[in-house]
Amino acid sequence: IFLKLAFRFYIRLKVVGDFHSLYKTNPRLLLISNHASHLDAVSIAAAVPFQYWTNLFISAAKDYWFRNSVFMFFSKHCLGAIPIDRRDRTGEAIKLCTTLLKDLERIWLILFPEGTRSKDGYIQPFKRGVSLFALKTDTPILFLYLEGNNNLWPKGRLIPLPGRLTLHVGP
């Protein structure tokens, strides 16, 4: 409820596109988006209709979103976040996401293919993980674009500014 209220009155999230028809036709889906703000994952979650949240998972940087007990509780229980260790070179994160995509009958997984937040708001080169997940699990990719995320909560700022954020669903 807090998330919906915050994104209605403080952030004023506008969604351009339809998640309902996508949910009916795509039980498994990789949702990828540009990444310039800590608002990004929660903005996408807020845009997805509430009744689909039980199947929504977010890949989240383990060193940030799981760094203490408060963040860990919020990440696991409020966001459905999956910890991704950005420093791990053993492939554990890839194995975990691949297993979830193969084993779960219905899953929408939010990923940020840039791997980290953009400093200037422009899209950075993609890491190879998204294509590996899609190919190994035969999961389609849905492209999302967050417009205004860098202006509302740029890297280095403590809390987000109020304003408008637009989520474009699809190409």
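Biologist: Which residue lies over the face of Tyr-23, and at what distance from the ring centre?

Modeller: In this predicted model, Arg-106 lies over the face of Tyr-23, at 4.0 Å from the ring centre.

Biologist: How many aromatic pairs does a search of the whole structure find, and why is the pair of Tyr-23 and Tyr-52 called stacked?

Modeller: The search of the whole structure finds 8 aromatic pairs. To read one of them, take the distance between the ring centres and then the angle between the planes, for which under 30 degrees counts as stacked and over 60 as edge-to-face. The centres of Tyr-23 and Tyr-52 are 3.7 Å apart and their planes stand at 15°, so this pair is stacked. The two partners come from distant parts of the chain, since Tyr-23 belongs to helix α2 (residues 19-25), whereas Tyr-52 lies in the loop between α3 (39-47) and β3 (56-61), 29 residues apart. Both Tyr-23 and Tyr-52 are buried.

Biologist: How are the rings of Tyr-23 and Trp-108 arranged, and where in the chain do they lie?

Modeller: Here the planes meet at 70° with the ring centres 5.4 Å apart, so the pair of Tyr-23 and Trp-108 is edge-to-face. This pair also links distant parts of the chain, with Tyr-23 in helix α2 and Trp-108 in strand β5 (residues 107-111), 85 residues apart. Trp-108 is buried, as is Tyr-23. Ring pairs join Tyr-23, Tyr-52 and Trp-108, together with Phe-19, into a cluster.

Biologist: How many salt bridges does a search of the whole structure find, and which residues form one?

Modeller: Side chains of opposite charge can pair when their charged atoms come close. The search finds 1 salt bridge in the whole structure, in which Lys-95 is joined to Glu-92, with the closest N and O atoms 3.6 Å apart. An α-helix has 3.6 residues a turn, so residues three or four places apart point the same way. Lys-95 and Glu-92 are 3 residues apart in helix α6 (residues 92-103), and are therefore separated by about one helical turn. Lys-95 counts as partly exposed because its relative accessibility is 46%, and Glu-92 counts as partly exposed at 45%.

Biologist: Is Thr-139 buried or exposed, and what does it touch?

Modeller: Thr-139, found in the loop between α7 (129-137) and β6 (141-147), has 4% relative accessibility and so counts as buried. Its side chain makes a polar contact of 2.6 Å with that of Thr-137. Leaving aside residues up to four places away in sequence, Thr-139 touches Arg-28, Leu-29, Leu-30, Leu-101 and Ala-134.

Biologist: Which residues of α7 are buried, and what covers them?

Modeller: The buried residues in α7 are Gly-129, Val-130, Leu-132, Phe-133, Ala-134 and Thr-137, and their cover includes β2 (28-33), α6, β5 and β6. Strand β2 is itself mostly covered, with 5 of its 6 residues buried.

Biologist: How does β2 pair with β5, and how with β6?

Modeller: In a regular strand the side chains alternate between the two faces of the sheet. Strand β2 pairs with β5 in the parallel sense over 5 bridges, while 4 bridges join β2 to β6, which also run parallel. Ile-32 illustrates this well, standing opposite Leu-111 in β5 and having Phe-143 as its bridge partner in β6.

Key: Residues are numbered from 1 along each chain as its sequence is written. This is a predicted model: local features need pLDDT of at least 70, side-chain atom pairs count only at pLDDT 80 or more; totals for chains, interfaces and linings use all residues. Side-chain values use heavy atoms; hydrogens and water are left out. Rings of Phe, Tyr and Trp (its six-membered ring) pair if their centres lie within 6.5 Å; planes under 30 degrees apart count as stacked, over 60 as edge-to-face and the rest as tilted. Helices (H or I, at least four residues) and strands (E, at least two) are DSSP runs, numbered from the N terminus. Buried means under 20% relative accessible area, exposed over 50%, partly exposed in between (1.4 Å probe, protein chains only). A charge sits over a ring if NZ of Lys or CZ of Arg is within 6 Å of the ring centre and within 35 degrees of the ring normal. A polar contact is a pair of N or O atoms within 3.5 Å; within protein, one must be able to donate a hydrogen and the other to accept it, and residues adjacent in sequence count only if both atoms are side-chain atoms. Contact means heavy atoms within 4.5 Å. A salt bridge is a side-chain nitrogen of Lys or Arg within 4 Å of a carboxyl oxygen of Asp or Glu. Two strands pair if DSSP finds at least two bridges between them.
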